[in-house]
Amino acid sequence: MVPTLVGAGVLCLTGWGKVVSVFSQAVNIRHDQGLLVSVVGETRSMTFLSVCLPALFRNQNKGPVPGDRVRFEGHRLVTKDFVVEFLGRPTWQGTLTRDDVKGFHASKVSLVKEALLLKGRDGGFLGLLCRDESNNPFLDKAMKALSGIQSAPSRAVRLKVLSGLVGLGPGSTPSGDDFIAGVLLGQEMLRLLLSTEEKAVAASLDPMIPCSTEKEALWVAINRTSDAGKTLLWQALQGHFPEYLIEMVRSVSDAEGKQEIVDAVERAVGCGATSGTDALVGFVFCFERDLYDRSHPPPLSKS
Amino acid sequence: MKAKIEEANQEAVSRIQRAKPTLIDVSIAGEAIPGMKRNMILHAGPPEPWERMCGPMKGAVIGGMILEGLAKNRQEAEALAASGDILFEPCHHHSSVGPMAGVATWSMPVWVMENRTFGNRAYCTLNEGLGKVLRYGAFSEEVIARLRWMAEDLAPALKKALVRHGPIDMKSMIAQALQMGDEGHNRNRAGTSLFIREIAPDLVMLDESREKIARILAFIHGNDHFFLNLSMPSCKCTVDAAASVEGSSVVTTMARNGTEFGIRVSGLGDRWFTGPAGMVEGLYLPGFSARDAAPDIGDSVITETAGIGGFAMAAAPAIVKFVGGSARDAIRYTQQMYEITVAENDTYRIPTLDFRGTPTGIDLLKVVETGILPAINTGIAHKEPGIGMVGAGLVHPPENCFHDALEVFAEKYGK
Amino acid sequence: MNVKKISELFNKELVVINMGLDSFADNLRKEEVKVLPMDWKPPAGGDKRLISLLEKLDA
Amino acid sequence: MKKILVRKNAYYDSVFLMLATKALKQRPGIKEAVVAMGTEVNLGLLKEIGLLSGEAESARPNDLVIAIEAETGEAVEEACRIAEEVLKKKSHGGGGEEDYRPVSLEGALKILPEANLVVISVPGRYAAREARQAVNKGLHVMLFSDHVSVEEEVELKEMALERGLLMMGPDCGTAILNGKPLCFANVVRGGSIGLVAASGSGLQEVSCCIDRMGGGISQAIGTGGRDLQDRRVRGRMMLMGIEALKHDPETRVIVVISKPPAEELAAKVLSKLKDTGKPCVVHFLGLKPSGTRGSMRFSGNMEEAAAMAVALSRGEEYRPLCFSLSEAEVSRVAEAEVKRMGSEQRYVRGLFAGGTLALEAMALFEEEGFRILSNVQKGPGRALHSPHCSESHAIVDLGDDVFTLGRPHPMIDPSQRDERIAKEAVDPETALVLLDVVLGYGAHEDPCGALAESVSKAKGQVAGRGGYLCVIASITGTEKDFQNMAEQKKKLESAGCLVMPSNYQASLLAVHVMRKVVSR
C-alpha cells in the first residue's frame with residue numbers, strides 16, 4: 001500500500017513492533033523501543049511518528065488486529081497482511097517555521113486563554129488557568145508541583161520542575177505530558193520569534209538530539225510515562241508537534257479577529273479527551289509565566 | 001557437515017558444562033598473568049591502539065601509568081602512551097578479563113581463578129566500587145589512592161584469608177547467587193554477600209587491626225559489584241576451555257573496547273570479528289541522558305558468553321527496570337536466548353522458569369539464522385573520562401561481527 | 001514404502017507448530033488442538049548471501 | 001471502601017477512558033474514581049490520597065490503573081463490575097500477556113518437543129527451506145504455501161518418503177487428520193472413510209457430501225495440486241497417502257480424488273489401490289465412470305464418489321441416484337424458471353470460488369453437448385478472450401491466479417464475485433448464474449450474506465428488463481461448520497436462489513434448465 005504522507009520520524013525506525021490498538025481512524029503500533037507509531041486515516045491526525053494511509057481504513061473488516069507483528073525497515077513497514085512503501089512518498093515533519101508564527105503577538109495569547117476557558121474540557125489541567133475545578137486530585141498535584149517554578153533561578157531548573165509533571169494525570173497520554181508538549185510548543189515559537197543567530201544554532205543541531213541541554217531533565221523523565229506520552233514528548237523535545245497543534249498555531253497567527261481564534265482553539269480542544277485542552281494550557285502557561293529564559297529580549301513586543 | 005558441526009558444538013558446550021571455576025589465590029598482575037610486562041597495559045575488548053581509544057579507556061590508561069609511576073601526570077602519560085614504548089594488549093590475549101576499560105598494569109592485585117577440570121586459569125583485577133574509579137576512566141588523586149590501598153591492604157589481607165579458607169568453588173557460589181536474584185553481570189548484590197559470608201570468618205582471624213579488617217569488610221559491603229570481578233574470571237576460565245574446538249560454531253569470546261565490539265568463535269581460533277560498539281538502551285541516573293553515554297565497553301560480557309548475565313535475566317527481575325521492562329520481559333529475554341544457544345546449563349538454573357538451566361553456548365549459526373542477537377546487560381560509562389557510571393541497560397552486539405564470522409566459518413568448513 | 005511414522009501420527013493427538021498465518025493456529029485452538037504459533041521471521045533477515053552460507057553448512 | 005484494578009499493558013483510546021471515568025463517577029455512592037496510567041507520579045498521587053494498595057503498587061506506565069472509593073462495599077463491587085465490563089468490551093490490550101512465540105523451528109521444539117505436525121504458510125521462497133528443516137527433525141508437514149518450485153517439491157517429497165513422513169503440499173489448502181480440520185477444511189463426522197486428494201475444493205466437497213449422507217471420515221490427506229499432474233512429482237504423496245490408509249485400521253474404504261493423471265501414473269495409482277485390499281472409490285475429475293473393477297469403483301462425479309464410499313463403508317449396495325428431488329419435481333422447477341425468461345436470455349454463466357467445483361460443472365455441461373468457454377480452459381474456442389468478461393456459455397474459476405493476484409481468494413472475500421454477478425446481470429444474454437459456496441475454517445464468516453444481496457439485486461435488475469434471472473447454487477459445508485449451514489442456505493433461498501445439496505446436483509439442475517432454454 002502507498003501512504004499519502006509519511007512522518008519523517010518513522011523513516012528512522014528499524015526493527016520490530018506490534019499492533020497494540022486498533023481504532024476506526026488509527027492503528028497504533030508499539031515499536032520495541034517503546035515509541036508508538038500510528039497509521040492514521042486523515043492528515044489532521046498526523047505526527048512525526050505517523051503514517052497517513054487512508055486506504056487501510058476504507059474496509060474495516062480487513063486490516064491489522066492487536067498482536068500482529070510489524071517490521072520497520074526504514075524505507076517501508078511490513079505486516080503479515082500488507083506492505084507500506086515509503087520510498088518517494090512525501091514526508092511530514094511537524095515543525096514550525098518562521099512563516100508560521102510571523103502573525104503572532106502577545107495580545108493573541110490572552111485571546112487564546114479566553115477561548116480556552118470558554119471551550120476547554122475539564123478533567124485535566126484546565127484548572128491551572130482558572131481555579132474553580134474541584135474533585136480533581138491530578139490538578140491539585142500539578143499546582144503544587146508548579147508553584148515553585150516562578151522562583152526557579154534558571155530555565156534549566158524550571159524545566160526540571162516541569163519534568164515532575166511527566167506521567168501525571170488521566171488519559172492514555174497523561175495530562176502532564178500534553179501540558180509539557182504545549183510548553184515546548186510555546187518555547188519553539190518564542191525561539192522562532194527571537195534573534196536569528198539563535199535560529200542558526202538551533203538549525204546546526206542534529207534533529208535527533210535535544211535542541212538545548214536544559215532539556216536533559218525532561219529527556220530522562222520521558223521513560224517514566226506511558227508509551228503514548230513518551231512518544232509525544234520524544235517528538236516535542238526535538239521540535240516536532242502533532243498536526244492539530246501546528247494547525248492551531250498557524251490559524252492563531254493568521255487570525256484577523258477573535259472569532260477565528262476561538263474556532264482554532266475549539267478545533268484543537270476537540271483532539272483526544274483532554275489532550276488538546278491540556279496542551280493549550282501548557283502553551284498559554286509558557287507565555288504567561290515566561291518560561292523562556294529572561295536573559296533574552298522580551299519577545300512579545302507588539303509589531 | 002551439519003552433523004560434524006553439531007558434534008563439535010556438543011563437545012564445546014560439554015567443556016563449558018564440566019568447567020569448575022575455583023578461586024585459588026590473590027596475586028599481582030606482573031607475577032601471575034602470563035606474558036605480562038612492566039611496560040605493558042592490558043585493556044578490555046579486541047585490540048585497540050592508543051590513538052583510537054575512547055575517553056574512559058584513555059583515562060584509565062593514564063591512571064594506570066600514574067599508578068605504576070611511569071608518568072607523573074596526564075601530559076606525561078599521554079606523551080608516553082603515544083611514544084610507542086608502552087605495549088597495549090587485550091586482557092583476552094592474556095587469559096584475563098576486565099570490566100569497563102578493563103585496564104590492568106604490573107602492580108595491580110588480581111584474582112587467580114583456576115578451572116579445576118581442565119587446569120586453565122583466568123585473572124581479573126579487584127573491583128574498586130562505583131563513582132570515580134579507574135575502570136570508568138577516572139585518574140584523580142582519590143582514585144590512585146584507593147588503588148594503592150587495595151594493593152597494600154585489601155589484596156594481601158584477602159590473600160591471607162583465602163589461604164586460611166582454602167580454594168572457593170565459584171560455580172556453586174554463582175549458582176546460589178542466581179537463586180537469590182543476581183544474574184552475575186548487572187546485579188551482583190547476592191554474590192557479594194555470599195562472598196563476604198564465605199571469607200569473613202577467615203578475614204577476622206587474621207593478625208590485623210580491627211580497623212583494617214572493618215574497613216575491608218565495609219569496602220566490600222559498600223560495593224554491590226565487588227562480586228562482578230569474581231564472576232567474570234570464573235566465566236573466562238569456563239569458556240576458555242571451550243576455545244579452539246575444530247568445527248565448533250560456539251562463540252567463546254565477546255568483548256568491547258568502547259570503540260569496537262568483538263567476538264571469537266571456537267572453530268576459528270583466536271581470530272577477532274569486530275563491529276562498531278553499540279549504544280546502550282537503558283535507564284540513566286538522574287541528571288544524565290543518552291547524550292552523556294560512551295559506547296558499549298568492557299569484558300564483562302564474558303558472563304553472557306558463559307550463559308549468565310543477560311541470558312539469565314529471568315533470574316533477576318529486579319534489574320529489568322534498567323531495560324524498561326516488566327518481570328515478564330525479563331523472562332522473555334531469557335526465552336529468546338534459548339533460540340540461539342546449544343544447551344541449557346546443568347548448574348546455573350532459573351527459579352522463575354521452574355529451574356530450567358540458563359541458555360548456554362551461543363551458536364554463531366543460530367544467531368545468524370534467527371536474527372536474534374545476544375542480549376547483554378551492562379553498565380553505561382560517561383563518555384568523558386572520570387565521571388563514572390551514568391546508567392545501566394541492555395545492549396546487543398553489532399550484527400556484522402556474526403555475519404563476517406559466518407563468512408569465514410563457511411569458507412573453512414563449508415563443503 | 002514405510003509408513004510407520006504416519007500410522008503413529010494417526011494414533012496420537014495432533015500437536016501442531018504453526019509457522020505463518022495466525023488464523024490457522026486460532027482455528028486449531030477452537031478444535032482443541034494443542035498448537036504453538038511461531039513468530040516466524042525470514043531466516044537471516046532474508047539476506048540471500050547469508051542464507052546461502054547457512055545452506056552450505058547445512059548440507 | 002476502596003478497591004484498585006490494574007490492566008496490564010492496556011492501550012485504550014483516551015476519549016474512551018474519559019467516558020469510563022465519567023460513568024464511574026456518576027454512580028451513586030462513589031466518592032472517588034481515578035482512571036489513569038500507572039506512571040510513577042500517578043501512583044504517587046494515589047498513595048497520597050490513600051487509594052494505592054496491593055498489586056497496583058507494582059503497576060507500570062503502560063498499565064491502566066482504576067481506583068475506586070465508595071461509601072459501601074456493594075457500591076465498590078458494583079463499580080468494579082461495571083469497569084471490568086466496559087474495559088472488556090473495548091479491550092484493545094496489547095498482547096503483553098501472551099506466551100512467548102519462538103522465531104525458529106528449533107526454538108519451537110524446545111518449548112513443544114512433543115509436536116508432530118508443522119503447518120507452514122510462509123512466503124513461497126522461504127517455505128521449502130522451513131519444510132526441509134521440519135522433515136529433518138522428523139515432523140510431518142502440511143505445506144500451505146504455494147510458489148514452491150517443482151524441483152523443491154520433488155526433493156521435499158523424496159526426503160519425506162525416506163523418513164516415512166507426510167509432506168502434504170506445496171499448495172495444499174486442506175486436510176483432516178485425526179478428525180481435526182487443517183487450514184481450509186470443514187468440521188466433518190469421524191468414521192471409516194479415508195481420502196487422498198490432489199484437489200482442495202474436491203476434498204472439501206466429497207468430505208461434506210459424505211458427512212451429509214451420514215458417513216464419516218477417518219483421515220483426509222491432501223497432496224497438493226501438482227502431485228499427480230506433474231511428471232516429475234510422479235504422485236509420490238498420493239501413493240504414500242494410499243499406503244498410509246492401507247495400514248490405518250480405522251480406514252475401511254479409500255477414496256482418491258484428482259484431475260485425470262497421465263496414463264502410466266493412473267495405472268500406478270490403481271494398482272496401488274488394488275493392493276490395499278480395501279474397497280476403493282476413484283474419482284478422476286471429468287472422466288466418465290468406467291464402472292467397477294474388482295474392489296474398485298469409479299465415480300462420475302464427486303457426490304457419487306461420496307455416495308459410493310458411504311455405501312461401501314456400510315457394506316450396502318450402491319444405488320445410483322442423481323437427484324435428491326424426483327425427476328418430475330426437477331422438470332417442474334426447470335419449467336417454472338425458464339417460463340419467465342426473456343427470449344434473448346440464452347447463456348449459462350458459472351461463477352466459481354472452488355476450482356475443482358468449476359471443472360465438475362464444466363464437464364457436466366460438455367457431456368450434454370454445451371460448449372463452455374472458461375478462463376481455466378486452454379486452446380482456441382475454449383478459452384475466454386478475457387477472464388473478466390463472459391461470453392456465450394461461460395464458467396469462470398474466480399480462484400484462478402488472474403483474479404487472486406494481490407486480492408484475497410473469493411472463498412475468503414466474496415466481494416469480487418458480487419461485482420462479477422452484477423456484471424452478468426447487465427448482460428441481456430445471461431439466462432442462468434451457477435454458483436458454489438464453500439464454508440468451513442478459512443472461509444468467509446458469512447459468505448451467503450453478501451452473496452444473497454447481490455443475487456437479489458441482479459434478479460431485480462433483470463426483472464426490471466422484463467426478463468428473469470435463474471440462480472442456482474450449492475453449499476459445500478456441514479452443520480458443524482461455524483458459519484451455520486442452515487442459516488446460510490436460508491439467506492440464499494430468501495434471495496430467490498435455488499440451493500442444491502451438492503455441486504453436482506446444482507450443475508445438473510442448471511443443465512436441465514439450460515436444455516429447456518436452448519430448446520425454446
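**Entry 1**

I count two residues as in contact if their C-beta atoms, placed from the backbone, lie within 7 Å. I am working on a predicted model, where local features need pLDDT of at least 70, side-chain atom pairs count only at pLDDT 80 or more, and totals for chains, interfaces and linings use all residues. Residues are numbered from 1 along each chain as its sequence is written, and chains are lettered from A and ligands numbered from 1 in the order in which they are written.

I looked at chain B and took its contacts between residues at least 6 apart in sequence; of these, 74% join residues at least 24 apart. I then looked up burial, calling a residue buried if 20 or more other C-beta atoms lie within 10 Å of its own, exposed if 12 or fewer, and partly exposed in between. Chain B has 415 residues, and 60% of them are buried. I also listed its elements, which are DSSP runs numbered from the N terminus: helices (H or I, at least four residues) and strands (E, at least two). Chain B holds 13 helices and 15 strands.

**Entry 1: where chain A touches chain D**

I found 29 residues of chain A and 25 residues of chain D in this contact. On the chain A side, strand E2 (14-22), strand E3 (26-31) and helix H4 (137-147) give two or more residues. E2(A) gives the most, with four residues.

I sorted residues into nonpolar (Ala, Val, Leu, Ile, Met, Phe, Trp, Tyr, Cys and Pro), charged (Asp, Glu, Lys and Arg) and polar (the others, Gly among them). The chain A side has 10 nonpolar, 14 polar and five charged residues.

**Entry 2: where chain D touches chain C**

Here I found 36 residues from chain D and 31 residues from chain C. E4(D) supplies the largest share of the chain D side, four residues. That side divides into 21 nonpolar, seven polar and eight charged residues.

I took two strands as paired if DSSP finds at least two bridges between them. I traced an open sheet of five strands with parallel pairing, in the order E2(C)-E1(C)-E4(D)-E5(D)-E6(D). Its edge strands, E2 (34-37) of chain C and E6 (167-168) of chain D, each pair on one side only.

Which strands join the two chains? Strand E1 (residues 15-19) of chain C runs parallel to strand E4 (residues 117-120) of chain D, and four bridges join them. I noted that Ile17(C) stands opposite Val118(D) in E4(D).
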